[in-house]
Amino acid sequence: MKDHRLGAWSWPLACLLLLATLTSTTWAAKHGDFKTCSQSSFCRRLRSLSERSQTAGFHSPYSLEEGQHSPSSQQDGASWTFPINTELYSDIKFALTVDFLEKGDGIARLRVDEVGSKLPWKRYNEAAKWALVDAEPALTSVGNVKKGSSKGQTVFKYGASGQLELVIGHAPFKITFRRDGEDVMYINERNLFHMEHFRSKEETPAQVDGGSEDQQVFSAASSKKDTAWFEGEPDGELWEERFSKWTDSKPKGPEAFSVDISFPGVEHIFGLAEHASPLSLPSTDGGRYTEPYRLWNVDIFEYEYDSTMALYGAIPLVHAQNAKHSVGLLSLVASETLVDVTHPKSGVQTHWMSESGIMDLLILPGPDPSSLFKQYASLTGTTDLPPQWALGYHQCRWNYIDDTDVLEVQRRFDEEDIPLDVTWLDIEYAEEHRYFDWDKKHFPDPVKVQNEVGSKGRKMVAIVDPHIKRTEDFRIYKDAQEQNVITKKADGTTNFEGWCWTGSSVWVDFFNPASWSWWKDMFSFNVWKDSTKYLYIWNDMNEPSVFDGPEISMPRDNVHHGGWEHRDVHNINGMMFHRATHDALVAREEPAKRSFVLSRSFFAGSQRYGAIWTGDNMGTWEHMAGETSMLLSLNICGMTFCGADVGGFFGNPTPEMLIRWYQAGAFMPFFRAHAHIDTKRREPYLYDEPYKSIMRDTIRLRYTMLPVWYTAFHEASLDGTPTMRPQYVVFPKDVNGFAIDDQYYVGGSGLLVKPITAASMNSAEVYLSDNQPYYNYFNHHMYPASTSRRHVTVPAPLETFPLLVQGGNILPIRERARRASTLMWRDPFTLVIALGRGGEAEGELYLDDGDSFGYQRGEYVWRGFRVVPERGQTVVSSFAKVEENGTSLTSYSATGNEWARKIDGVRVEKIVVLGLQKKPSKVSVDGEVTELEWVWEAGKAANGKSEGTASRLTIKNPSVQIVRAWNIRIA
Ligand code: NOJ
C-alpha cells in the first residue's frame with residue numbers, strides 16, 4: 001500500500017499524496033519497489049545459464065556416482081544416496097538422496113545438498129518441517145521399489161503395480177519420471193541444474209583485474225579451471241548486494257541453485273500461486289511476459305491484474321496436464337524462487353531458480369488431477385472444516401469507527417433483511433495500532449459490543465498484525481523483549497526494528513518455539529480480557545510488511561531462530577504467524593471450538609491454518625475478472641478457503657460493478673466485502689432500488705447454497721479437493737477446456753458458475769464439456785445434452801449471472817432467509833434434482849454442529865441422495881454415505897450420533913425435479929399409502945431433447961427427514 005511506505009514522512013503530507021494517488025485514474029504497481037530478475041544477483045546468474053545452454057559444447061558439469069542404499073533410522077526404508085561430482089570444482093561434493101514415500105501412491109522425493117563443506121554454514125533444510133504435515137514422511141519399504149542399473153543409469157520401479165519409474169542418468173545427470181512406460185517429467189534435461197557451493201570470502205574470490213573494488217571472480221581458488229562457460233562472467237554482487245538504498249550483507253555469499261524441469265507432451269501447466277496471471281501459465285520468454293513467475297511474499301500496492309510479479313503468498317507447486325495424464329511437482333524451498341516457463345513444441349519447460357536452501361523436490365505421480373490433490377494433501381494437509389458461519393457473508397471495511405457504527409451496521413442489515421454473519425474491525429479499533437489494546441475512546445466497552453453482536457447469532461473479527469509497537473508501556477512489546485522472541489538484525493543479537501502502521505516496531509520471530517505458548521496465552525480470555533468467544537482474528541501484513549525495508553519487507557540478512565537468515569525462511573514467515581494464531585484460537589476454549597483466522601501471506605501448508613484472501617485488489621472490471629483465475633490457482637494449490645475483497649479494495653465501484661462483485665463473491669469460498677479507508681461507504685443497504693434488492697438477493701442466494709458449500713468444504717477437508725474446480729480438474733480429458741479460467745464448478749455439486757466481469761453485459765457464453773443437460777438455476781431453462789462440446793449463451797441481466805446445474809446432480813439447499821447462518825440449523829431443506837440425460841442424479845449433504853470438533857468423534861450427518869430410473873418409475877432415495885461396523889453413523893437410531901438425534905425432525909420441505917420426461921401419475925413415499933402433493937409444469941423442452949424451459953415436478957412437503965433413509969416413488 002502506498003501509505004505503508006511513509007517512513008518518517010509526516011502523515012498529513014502522506015495523506016495528501018495518498019488522496020492524489022487514489023483520485024488519479026492511472027493505477028499501477030510501483031515497479032521500482034520490487035526487484036526484477038536482473039536486479040537480483042542470483043537470478044541474473046541462473047537465468048543467464050539458460051542462455052548459455054544454447055551454445056555449442058554446453059553440457060552439465062555434474063555427474064553421479066553409483067547410488068547406495070542410505071543408512072537411515074528407517075533401516076528398511078526405500079532411500080538411496082548418489083554422490084554428485086562437478087567438473088567445475090574438483091574438491092566440491094554434493095549428494096542426491098532419492099526417497100520413495102509410503103503415502104500418496106508413490107511420491108518420490110529428490111534432495112540435493114552440498115556435503116563436506118569446510119565452512120561452518122548449512123543450507124536451510126527446514127522448509128519441509130513447516131510445510132509438510134510430517135517433515136520426514138515415512139518411506140515405503142525397500143522391497144516395494146525395484147532398483148536396477150544399466151549403462152550408467154539407475155532405474156527404480158515403484159508404485160502400486162510398479163507402473164512408475166524413476167530413471168537416474170549418471171552422466172549426463174538427468175532424471176526421467178515415467179508412468180506406464182511413458183516419459184512424463186524430465187529433471188535436468190536442459191542441463192540447468194546448478195548448485196553454488198559455499199565458499200569463503202577471504203580465501204577464494206580474487207579481484208577482477210581492472211574491475212571495481214568490490215567485484216569478485218565467481219570461482220574458487222581451489223579450481224584452476226575456467227568455469228565461466230557454465231557459471232557465466234564474474235558477478236560483483238556475490239557477497240554484498242544493493243537494491244535501491246539497501247545493502248544486503250549476504251554473510252554466506254552465493255548459495256543459489258537452479259534446476260530445469262520439463263513436461264513432455266504437455267501444453268498446460270498450472271500452479272505457482274500467487275500470481276495475477278491466467279490459470280494455465282503463459283510463457284515468460286517474451287510476448288505476454290518477460291519476467292519469470294516470482295515467489296517472494298510481498299506487500300504490493302496496486303498490483304497488476306496480469307503479471308508475473310510476486311504477490312503476498314508463495315506455493316512452489318505445479319500441475320502438468322494433458323489428455324492422458326497429470327503429474328505434479330512441489331519444490332520445497334522458502335527462499336526467493338523464480339520460475340521461467342516456456343512452451344516449445346515438445347511440451348512445457350520450466351526453469352526454477354532459488355536463492356538459498358537445499359533442493360527438495362517431490363514428484364506427485366498423478367495420474368489425474370484428483371489424485372494430485374490427494375497426493376499433495378497427504379504431504380501438506382488440508383483445510384480443517386471451518387466453522388460453518390465462516391462461509392456466510394462477512395462485512396468489512398477499513399474501518400467501522402466505533403461501537404455505535406458496529407451496532408448500526410447490525411441494525412441496518414436486520415432492517416433490510418440482509419443476512420450477515422461477521423462484522424470486521426480493521427486496524428483503527430486498536431489504540432495507536434497496538435493490537436489487543438482497544439481504543440477505548442471509540443470502543444469503551446468492547447466486551448459489550450461483541451456480546452451484542454454475538455447475541456444476534458453473529459461473530460466479529462478483529463485484526464492483529466505482526467508488527468509490535470516499540471513502546472515500553474505496551475505489554476506485548478515488553479513480554480516479547482523479556483521472552484527474547486524478537487527477530488534479530490544481521491548481527492544475530494540486536495532486535496530488528498522497522499516501520500509499520502504502529503510507527504517504530506519489532507516483529508516476533510514465530511520460528512522460535514518460545515514464542516508459541518506465549519502467543520497462545522495472548523488470546524486466552526483471562527489474558528485478553530477485552531475479547532470474547534464471539535471474536536475471531538485477521539492476520540494481515542505478515543509477508544512481513546515493513547514500510548521502510550527492502551521491497552517493503554525485512555532485510556534478507558535478518559536472523560531467525562536457529563541462526564537462519566530471513567532470506568532462507570521468508571516465504572514461510574507469514575505461515576508461522578498464521579499457525580501461531582490458529583493454535584491460540586483453538587486453545588482458548590474448553591471444549592475447543594474451530595478457529596477462524598484470515599491471513600494475507602501464505603506458503604505450502606498454510607491451508608491447515610485457515611483462510612486467505614487476494615489482498616489489495618482494485619475496484620476495476622479487469623481485477624474482478626482476474627480474481628477468478630487467481631482463486632482457481634489458489635484452489636489447485638491447496639488453498640481451498642480463499643476469497644477476494646468484494647467491491648475491490650481501492651476505488652468506488654458503480655452500483656452495477658458492485659452488484660457484479662457481489663455475484664462473484666457469493667460464489668467464492670470466502671465471501672467478504674472490504675474497502676479502503678478512503679472509499680465511500682458501500683454497505684448494500686445504502687443503495688437505492690433496484691440495486692439494494694439485487695444485492696440482498698445475491699447474499700441470500702449464498703445462504704441458500706450454504707449446505708452445498710459446507711459439503712464442498714467437507715470434501716476438501718478430507719482430501720484437498722478444491723471447493724472451486726476449474727474445467728481441467730472436472731474434465732481432465734477435454735483439452736479444449738484446459739485454458740478456461742473464467743468459469744468453475746462448486747465442489748462436487750455440479751453447480752457451474754461464470755461471474756460477469758464486464759460492464760453492460762446481458763448474457764455470457766459458457767463452455768460445456770460433457771454430454772449432459774445443463775439447467776439454468778434461476779429460470780430452469782435447459783440446454784440439452786449433446787455429444788459435441790459447445791458454448792451456450794446464458795442470459796445475464798443485472799439480477800442474475802450464469803449459474804447452471806449440470807444434469808445428474810442433486811443440490812440440497814435451504815431457502816429460508818435468516819439473519820445469520822447460525823440460526824439456520826433447524827431449517828428444512830429443498831432438494832433440487834437436475835436429472836441427467838438418462839434420468840439419473842446423485843448428490844450429497846454433510847452437516848454437523850458447525851463449530852465444535854464433535855465431527856471428529858463421528859458427530860455428523862453425511863447423506864447421499866440418488867435418483868434411480870427403474871421400470872417406468874423414478875425413485876428418489878436418501879442413504880447414509882458412511883457406515884461403521886454395519887451401523888449407519890448418520891441415521892437416527894438408538895446408536896446414531898448425538899448430532900443426528902438433535903436434528904432428527906429437520907424436514908425436506910420441497911423436492912424439485914427438473915427434466916422428467918413425462919407427467920407422473922402418482923408420487924408417494926415408499927411404504928405409505930397417501931399420495932404426496934405435487935405440481936407438474938410441462939416446460940418447453942419437449943422430451944428433454946430441445947432447448948427450452950425444463951419440465952418441473954414440485955413435490956410439496958414430502959414429510960421425509962433429512963437424517964433418515966427413505967424412498968419416494970414417482971410413477
Ligand atoms: C492491508 C490489507 O491488505 C487491507 O485489507 C487492510 O485494510 C489494510 N492493510 C489496513 O489494515
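Where in the chain is the place of Pro367? Pro367 lies in the loop between strand S22 (359–364) and helix H5 (369–380). Helices (H or I, at least four residues) and strands (E, at least two) are DSSP runs, numbered from the N terminus. A cis peptide bond joins Gly366 to Pro367, with omega about 15°.

The model is predicted: local features need pLDDT of at least 70, side-chain atom pairs count only at pLDDT 80 or more, and totals for chains, interfaces and linings use all residues. Residues are numbered from 1 along each chain as its sequence is written, and side-chain values use heavy atoms, with hydrogens and water left out.

The pLDDT is the predictor's confidence in each residue, from 0 to 100. Its mean over the chain is 93, and 93% of the residues reach 70 or more. Residues 1–25 stay under 50. The model gives this stretch 45 contacts (heavy atoms within 4.5 Å) beyond four places in sequence. The pLDDT is also below 50 over residues 205–224, a stretch with 49 contacts beyond near neighbours in sequence. Where pLDDT is low, the predicted coordinates should not be read in detail.

Two further loops have backbone features of note. The peptide bond from Ala273 to Glu274 is cis, with omega near 20°. Glu274 sits in the loop between strand S15 (268–271) and strand S16 (293–295). Lys250 is not a glycine, yet its phi is positive, near 40°. Its loop runs between strand S13 (246–248) and strand S14 (257–264).

Seven strands form an open sheet with antiparallel pairing. Their order is S36-S37-S38-S43-S40-S41-S54. Two strands pair if DSSP finds at least two bridges between them. The edge strands, S36 (724–725) and S54 (948–949), each pair on one side only. Within the sheet, three bridges join S38 (residues 751–753) to S43 (residues 803–806). These two strands run antiparallel. Leu751 has Val805 as its bridge partner in S43. Strands of a sheet pair through backbone hydrogen bonds, either parallel or antiparallel.

An N or O atom in the side chain of Asp616 is 2.4 Å from an oxygen atom of the ligand. For Asp426, a polar side-chain atom lies 2.5 Å from a ligand oxygen atom. For His674, the distance from a polar side-chain atom to a ligand oxygen atom is 2.9 Å. Taken alone, the ligand exposes 300 Å², and the protein buries 100% of that. Accessible areas come from the Shrake-Rupley method with a 1.4 Å probe.

Technical notes:
Polar contact = N/O pair within 3.5 Å; in protein donor to acceptor, adjacent residues only side chain to side chain.
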